[in-house]
Each structure stands twice: as structure tokens, then as C-alpha cells.
Amino acid sequence: MRPDTERPVALVTGSTSGIGVAIARRLVREGYAVVLHSRSSTDAGNILASELGHAAYVQADLALEHDRARLVQEAADLWGRLDVLVNNAGISSVIPHADLGAATSGIWHELYEVNVIAPFRLVAEAEPYLRAAARRGRSACIVNISSHAGVRPKGASIPYAAAKAALNHVTRLLALSLAPDIRVNAVAPGLVDTPLTANWAAAQQLWRERSPMRRAASPDDIAQAVMMLVESDYLTGEILLSDGGLNLT
Ligand code: NAD
């Protein structure tokens with residue numbers, strides 16, 4: 001087994017629950033040291049870090065600019081390098097699309113801050129470390145977790161879908177700006193079975209009955225898609241729709 005100092009290092013935001021945990025577990029299994037992160041669940045983060053091994057936890061509120069900078073700094077300091085950034089943390093707000101009044105400017109600002117500005121600012125903070133990783137011989141890699149709602153006019157709410165569409169466009173713009181040192185891609189999940197979506201009965205039924213794969217994704221399905229992008233030496237600027245084929249129907 002490689003010592004931690006030789007392992008490539010990945011920072012996975014929002015990785016104490018749902019999709020983020022599955023991505024973190026997968027990366028450790030594939031030989032990465034992983035920096036776990038969440039907004040508030042410090043105990044869960046530290047327990048998960050000791051369970052995984054080759055992992056450490058850092059708390060940060062990604063709505064706050066100084067926390068974003070501190071997170072990247074602490075992550076890079078842990079093992080002296082940063083090779084992969086997975087921008088997984090995100091927030092949603094369920095609002096019927098026809099209820100325009102409920103989509104207040106406060107909700108628009110909050111979702112844009114956490115789902116678009118935070119991933120962009122983390123990339124900006126991480127850029128020097130990721131370029132240094134490329135100088136060691138392999139392009140560094142950023143994966144943004146967006147949503148099928150950012151590709152099709154669907155999703156929990158219009159502000160959520162618009163923020164994820166913006167994140168997809170930021171992904172392509174950054175892929176152009178940061179190549180060839182840093183590859184930038186996104187995974188755009190459809191419905192994923194996480195505690196967040198456990199009560200979304202209509203969506204569960206839609207995926208069971210209409211999607212070609214006849215089920216929602218598991219967090220491990222999304223982690224597998226992320227890993228494919230991390231392992232590539234060539235793919236950049238891609239938005240990998242991971243919705244079991246629902247978009248075809
Ligand atoms: P989740 O609620 O389990 O995880 C979200 C994570 O984001 C948590 O760890 C939380 O701590 C973190 N987070 C939220 N706001 C934060 C803040 N201000 N500062 C720091 N961390 C913050 O949800 P999930 O379903 O695992 O979602 C993960 C990602 O996948 C999100 O970006 C979400 O939009 C996206 N996604 C989820 C689904 C789905 O069906 N579950 C579908 C498409 C896209």
C-alpha cells in the first residue's frame with residue numbers, strides 16, 4: 001500500500017452524506033487520500049475519516065468566502081498536494097415551477113451562492129495546487145456535480161435548475177481556460193436515492209416507470225461516473241448526464 005504522502009489527494013465537498021460519501025469511499029478505494037468536508041456535521045466527518053483511513057475532515061460553510069479559501073488551504077496543507085477537486089456540495093429548494101412568487105430573490109441568491117459561486121471560487125483557490133499536480137506529470141481534474149435539471153427544463157425549482165445550468169456552463173468555460181493542466185467536467189445526475197429524495201414519491205415513480213434503466217441512480221452509480229472522469233487523461237468540458245436514460249424518453 002502506498003504511504004499517504006505518495007497518494008494523489010482529492011477534496012470532495014459535501015462528503016459526509018449522500019452522493020459525496022460514495023464519491024469519497026470510491027476515491028479511497030482507488031488509491032486516493034481524501035479530504036472530507038461538510039458545512040456542520042463535524043462528528044460524522046471525523047468518524048468517517050477514521051473509518052476510511054487515508055482521509056481527513058475539514059468543516060467549512062461554502063456560503064462564506066473566507067471559509068472557501070480556508071478549506072482549500074487546509075486541504076492542500078494536509079498532505080502537501082491537491083490533485084482532484086470534486087464540487088459536490090449543493091443545496092436545493094423545492095418550489096412548483098408555476099409558483100413564481102415562492103421563488104423569492106433570497107432563494108435565488110442563496111442557491112446561486114452555494115451551487116455556482118462557491119464551486120467557481122473553490123476552483124480559483126485550488127488552481128495553483130492543481131497546476132502543481134499537473135507538473136508532476138498528470139493533468140489535474142475537477143468534477144462538478146450539477147443536475148439533469150441544468151440540462152432539461154425540469155427539477156426541484158426554477159432557481160435550482162438555473163443554478164445547475166450555470167454550473168454546467170461554468171464547467172465548459174473553465175475547461176477552456178484551464179486546459180491542458182486541469183481538466184474540468186461535470187456529472188449531471190437525474191434522481192439519486194439519498195435521504196434528501198427518500199420522500200420524492202412522484203420522481204421515484206417516474207424513474208421506475210419511464211426511465212430506460214427502470215430505477216433511480218444509487219450514490220455508487222454517480223461515484224462510478226465521477227471516477228470515470230477522474231481516471232481519464234483526455235476528457236474535458238463534458239457534462240455527463242447520468243439519468244438512466246430518462247432524457248431519451
Ligand atoms: P445531501 O444533502 O446529502 O448533500 C449535500 C452536501 O452539501 C452536504 O454534505 C452539505 O453539508 C453540503 N452543503 C450544503 N450547503 C453547504 C454549505 N453552505 N457549505 C458547505 N457545505 C454545504 O445531498 P445529495 O443528494 O448527496 O447532493 C449532492 C449533490 O448532488 C448536490 O450538488 C445536489 O444538487 C446534486 N444532485 C443530487 C440529486 C439527488 O437526486 N439526490 C440529483 C441531482 C443532483
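A residue is taken to be near a molecule if one of its heavy atoms lies within 4 Å of it. In this predicted model, local features require pLDDT of at least 70 and side-chain atom pairs count only at pLDDT 80 or more, while totals for chains, interfaces and linings use all residues. Residues are numbered from 1 along each chain as its sequence is written, and side-chain values use heavy atoms, with hydrogens and water left out.

The ligand is surrounded by 28 residues, the closest being Ser17, Ile19, Leu62, Asn88 and Tyr160. The shell comprises 13 nonpolar, 12 polar and 3 charged residues, where Ala, Val, Leu, Ile, Met, Phe, Trp, Tyr, Cys and Pro count as nonpolar, Asp, Glu, Lys and Arg as charged, and the others, Gly among them, as polar.

Polar contacts were defined as pairs of N or O atoms within 3.5 Å. A backbone N or O atom of isoleucine 19 is placed 2.8 Å from a ligand oxygen atom, and a backbone N or O atom of leucine 62 lies 2.8 Å from a ligand nitrogen atom. In threonine 194, a side-chain N or O atom is 3.3 Å from an oxygen atom of the ligand. Of the 830 Å² of accessible area that the ligand has on its own, the protein covers 91% (Shrake-Rupley method, 1.4 Å probe).

Salt bridges (a side-chain nitrogen of Lys or Arg within 4 Å of a carboxyl oxygen of Asp or Glu) number 14. One of them joins the side chains of glutamate 65 and arginine 68, at 2.7 Å from N to O.

Methods:
A polar contact is a pair of N or O atoms within 3.5 Å; within protein, one must be able to donate a hydrogen and the other to accept it, and residues adjacent in sequence count only if both atoms are side-chain atoms.
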